[in-house]
Amino acid sequence: MECEMCGHRCSIQEGGYGRCRMYTCKNGEISERFPDLYLALWPGAIETIPFLHYTPGGRYLLLSTIGCNLSCEGCVSYVLAKNQDLLTDALIHAEPTDVLRMARDNACIGAVFCLNEPTVSLETVARVARELHAAGLSMGCASNGCMSEKALDVLLDHMDFITIGLKGLSDQAYQINGAPCNAEQVFQTLKTIHSRNIHLEVAAVCKTSDMEEIVTIAQRILEISADIPLLVMRFIPFHGADTALEPSAIAAEDLISACRKYLPFVYLFNTPSTRYLNTYCPNCNELLVERSFNGPMGARFSGRYAQVCPSCTSSIPIRGEWFSQFYQEPRFRGGYRTPVALDMVYSILKAVSISDEATMGMVLTKLLSNDYLEQLQTRLQTPKGYIEFLQVLQQWSGSLSFEPVIRFLSGRVQIIERYSNVPNKPRVLSVLSHPLLPSYPDKMENTLIALAGGDVLNYDLGYDEKSSERFTWDAFQKLKPDILVVSGPGHLTHQDFVDLCMREDLTAPAIEENNIFMVPGTHLSAGPSWILTLESIANYLHPDIFDFNLEYEKAVLLKTLPGLE
Ligand code: SF4
């Protein structure tokens with residue numbers, strides 16, 4: 001039998017399955033392999049999916065199944081989209097009535113199918129939408145737009161709001177990602193969605209290889225409607241993708257400026273310091289809606305907004321009710337944080353050479369159960385917690401492969417810990433890609449600075465993820481840090497950061513004496529390479545005590561991770 005859900009048109013034998021592994025042939029008919037089975041079933045703010053022009057601040061039940069009909073490079077949902085058979089034991093059965101009950105129990109105003117492609121679970125999605133609509137709740141989804149006309153009809157009959165993620169403008173961009181469609185077909189889908197008065201937002205990834213294409217995408221969206229927001233995702237090389245494809249934050253912001261000359265509502269994601277998540281009046285440039293960075297592909301609505309410009313009385317095309325109380329999900333919940341956590345654990349297992357599917361599936365299933373995921377982010381913010389996490393993975397997997405890396409990390413931490421209480425600690429402020437964006441106090445970088453003998457100013461700022469105010473120029477000026485430690489995504493160079501300090505007119509001993517330490521991009525706190533960050537910070541803060549040979553240390557670390565690609 002042929003599956004008609006997307007252009008792959010898989011021919012499926014009785015009991016077999018198609019390319020996405022989500023449809024089978026049963027009694028001569030194509031049917032879902034995992035009907036009413038979900039991986040994600042938890043509440044989240046709509047900006048974390050993300051949607052920026054629909055019910056701002058609204059809380060929705062986030063739904064996902066597993067699987068996808070595409071194979072995109074650097075996919076943020078790689079494990080749940082392309083290694084879905086590892087996760088089948090973690091799926092939760094929920095009838096549409098159960099989903100409705102969960103939405104109500106969590107004070108949600110609707111549900112959104114996200115994280116993976118709705119086309120691969122279309123009947124499940126449609127059944128839930130019917131149940132929610134009958135109860136007066138709304139339903140939306142995020143999709144790649146690569147589906148058959150028949151599947152699109154079913155989807156549009158059930159959706160109130162949709163984000164379509166574009167893969168590019170060329171047919172080649174779609175071919176590379178294994179798509180069963182081309183760019184023109186997806187643009188036709190955008191027109192169809194808009195013509196049916198369903199709320200539409202469009203997302204596109206910007207890579208260094210095709211920055212200009214984003215401007216053309218903005219122009220083409222303008223041909224459909226100037227009211228459609230374009231959400232530009234600055235490429236982050238998830239899952240071992242080429243790091244050279246990641247544009248700098250500054251280049252990405254320049255790109256958004258160029259796009260806004262054509263299309264008024266273009267936004268930049270994956271860029272902590274950016275103001276390009278805000279909505280400005282297209283007529284007089286007054287700030288109307290304030291938002292900030294909130295994890296991969298996510299934004300955070302500050303609750304401050306004006307739907308009608310106070311200066312020129314223009315209104316902005318944002319649909320639905322506004323919610324000023326922002327919902328903050330537990331860490332590693334909401335938006336794409338869970339797929340990122342799955343990807344991280346999958347990568348660690350592979351790095352220590354655990355690759356048999358049964359063990360991997362068992363570990364990932366345990367990770368998703370017992371609320372472990374909600375504690376994980378906290379654990380990962382200290383070396384001790386990280387090492388304990390590896391010990392938990394070792395226990396779950398029943399493998400001793402973690403021993404060498406655990407021994408290496410523990411030994412190096414012990415060496416540095418001996419000097420944590422040195423006198424004359426320098427006053428250190430750690431920031432995320434921008435001088436006015438301090439790291440939250442509970443972040444790994446602050447723990448590492450304290451361990452390496454720094455006086456961490458971030459601990460006393462009273463500035464964390466619940467803070468609704470921006471960190472200000474005045475607050476920075478009062479701190480007078482001796483040293484600035486700069487981490488975070490964005491390929492920021494030392495000179496870029498100095499330029500940012502100049503642009504903001506900031507002064508501090510750290511800036512005047514050029515005591516600015518840029519954490520190398522490869523030392524990411526989510527992987528075991530945080531140990532190299534710790535050693536490099538120790539070298540920088542106390543060169544009289546520490547002299548780690550970082551090349552040698554990296555080689556030793558890599559030896560403990562023989563499966564690292
Ligand atoms: S949805 Fe597409 S990829 Fe999946 S089985 Fe059907 S035709 Fe194949």
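Axes here are lines fitted to C-alpha atoms, for helices over the stretch in contact, and angles run from 0 to 180 degrees between N-to-C directions. This is a predicted model, where local features need pLDDT of at least 70, side-chain atom pairs count only at pLDDT 80 or more, and totals for chains, interfaces and linings use all residues. Residues are numbered from 1 along each chain as its sequence is written, and side-chain values use heavy atoms, with hydrogens and water left out.

Q: What makes α13 and α19 count as helices, and at what angle do they pack?
A: A helix is a DSSP run of H or I with at least four residues, a strand is a run of E with at least two, and both are numbered from the N terminus. Helix α13 covers residues 403–417 and helix α19 covers residues 550–559, so both qualify. They pack at about 150 degrees, with axes 9 Å apart.

Q: Which residues of α13 and α19 meet?
A: Contact means heavy atoms within 4.5 Å. On the α13 side we have V405, F408 and R412, which meet Y552, E553, V556 and L557 in α19. By class, that contact has 5 nonpolar, no polar and 2 charged residues.

Q: What surrounds the ligand?
A: A residue is near a molecule if one of its heavy atoms lies within 4 Å of it. The ligand is surrounded by C3, M5, C6, H8, R9, C10, G18, R19, C20 and Y23. That shell has 6 nonpolar, 2 polar and 2 charged residues.

Q: What stands out about N424?
A: N424 has a positive phi of about 55 degrees, although it isn't a glycine. You'll find N424 in the loop between α13 and β16 (427–432).

How values were computed: Nonpolar A, V, L, I, M, F, W, Y, C, P; charged D, E, K, R; others polar.
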